[in-house]
Amino acid sequence: RAALKKLVLSGSIPPNQEVMEYFSARHAALEDRYHQWLGRITAPPLAEAAKADPQLYFQEQFHRVQGLLERLAAARGVPAPEPLGFPKELPPSDTVPRLLVQLALIEEASTLAFQHGAAAVTSVKVEDPQPVSGDVEEGPLLTRLPIRMRLTSSLPRLAQLLAALHGAHPLVDVRLLRIQPSPPSDVLEAELVLARYLVLPGMPGPSSTPAASASRPARRGARR
């Protein structure tokens, strides 16, 4: 009886099977919501090819994105943006996951900028990862992976780009927007710091299958 008193909820609800089934169902619903939000704000898991040979896969993707940026710039008749901050040699395998996320963000942001009428994308740069902490005792939960992009654009075109970034999936976090006029024309010089997020090793990631776990019947004796 002394042990059971610790489990009794406010209102003197005893820890019976009905209460346990309620909490099990509630736990499954919260897990489902957690994975839905995690899938919206974090980068997807690595492709199988990246897991087999991370360094080679990164090199292939880097040259593919570089070629794409050159073609987009050539179609506009402007110089291709200079990719900055990437290692000159093959990167260590443990840095490949975050570099791939930043490379994919550079590809998406630059493509959107040209699609929405930017006059030019002058440079794109990867920046150092930044841990994102939740509770102080728990430590970091995610890693923020920023890039810095400089471009020239009119104000309406820049607004269209920001709207497109707002609708991107996974989330693109606009960390900084700095603009200044470039007289005598109405073109603006803009600097943006954009970021995506990566789940730290050991944390439950978006690759899990919350729908399947939510559809399972509550297990007897399950605890949160």
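Arg196 sits in strand β6. Helices (H or I, at least four residues) and strands (E, at least two) are DSSP runs, numbered from the N terminus.

Before going further, a word on the model and its conventions. This is a predicted model, in which local features need pLDDT of at least 70 and side-chain atom pairs count only at pLDDT 80 or more, while totals for chains, interfaces and linings use all residues. Residues are numbered from 1 along each chain as its sequence is written, and side-chain values use heavy atoms, with hydrogens and water left out.

Back to Arg196 and its surroundings. Its side chain reaches the backbone oxygen of Pro170 at 3.0 Å. That is a polar contact, meaning a pair of N or O atoms within 3.5 Å; within protein, one must be able to donate a hydrogen and the other to accept it, and residues adjacent in sequence count only if both atoms are side-chain atoms. Pro170 itself lies in the loop between α6 and β5 (173-181), and a cis peptide bond, with omega about -5 degrees, joins His169 and Pro170. Not counting residues up to four places away in sequence, Arg196 touches Val101, Leu105, Glu108, Thr143, Arg144, Leu145, Ala168, His169, Pro170, Leu171 and Val172. Contact means heavy atoms within 4.5 Å.

Now step back to the whole chain. The protein chain has 7 helices and 6 strands, and along the sequence they follow the pattern α-α-α-α-β-α-β-β-β-α-β-β-α. Of its 224 residues, 35% count as buried. Among contacts with a separation of 6 or more, 71% are between residues 24 or more positions apart. The chain exposes about 13,900 Å², and carbon and sulfur atoms supply 56% of that area. Accessible areas come from the Shrake-Rupley method with a 1.4 Å probe; for residues, only the protein chains shown count as cover.

12 bridges join β4 to β6, and the two run antiparallel; in β6, Tyr197 is the bridge partner of Arg144. β2 and β4 also run antiparallel, joined by 6 bridges, with Ser123 opposite Arg150 in β4. Strand β3 (residues 130-133) pairs with β4 in the antiparallel sense too, over 4 bridges, and there Pro131 stands opposite Thr143 in β4. Two strands pair if DSSP finds at least two bridges between them. Because 11 of the 14 residues of β4 are buried, this strand is largely enclosed by the rest of the structure.

What lies in the largest nonpolar core? It holds 34 residues, of which Phe58, Phe86, Met149, Leu151, Leu161, Leu165 and Leu194 touch the most other members. The elements giving two or more residues to this core are α4 (54-76), α5 (96-115), β2 (120-126), β4 (140-153), α6 (155-166) and β6 (188-199). α5 provides the largest share, 10 residues. A nonpolar core is a set of buried Ala, Val, Leu, Ile, Met, Phe, Trp, Tyr and Cys residues joined through side-chain atoms within 4.5 Å. Leu165 touches Ala109, Leu112, Val172, Leu192 and Leu194, not counting residues up to four places away in sequence.

After α5 comes Gly117, whose phi is positive, near 85 degrees.

Glu107 lies in α5 and counts as buried at 18% relative accessibility. Leaving aside neighbours within four places in sequence, Glu107 is in contact with Arg64, Val65 and Leu68. The C-alpha atoms of Glu107 and Leu69 are separated by 7.6 Å, although the two residues are 38 apart along the chain.

We finish at Pro83, found in strand β1 (residues 82-84). Pro83 is partly exposed, with a relative accessible area of 26%. Pro83 touches Phe62, Gln66 and Val124, not counting residues up to four places away in sequence. From Pro83 to Ile106 is 23 residues in sequence and 8.9 Å in space, C-alpha to C-alpha.

How values were computed
Buried < 20%, exposed > 50% of the residue type's maximum accessible area, 1.4 Å probe, protein only.
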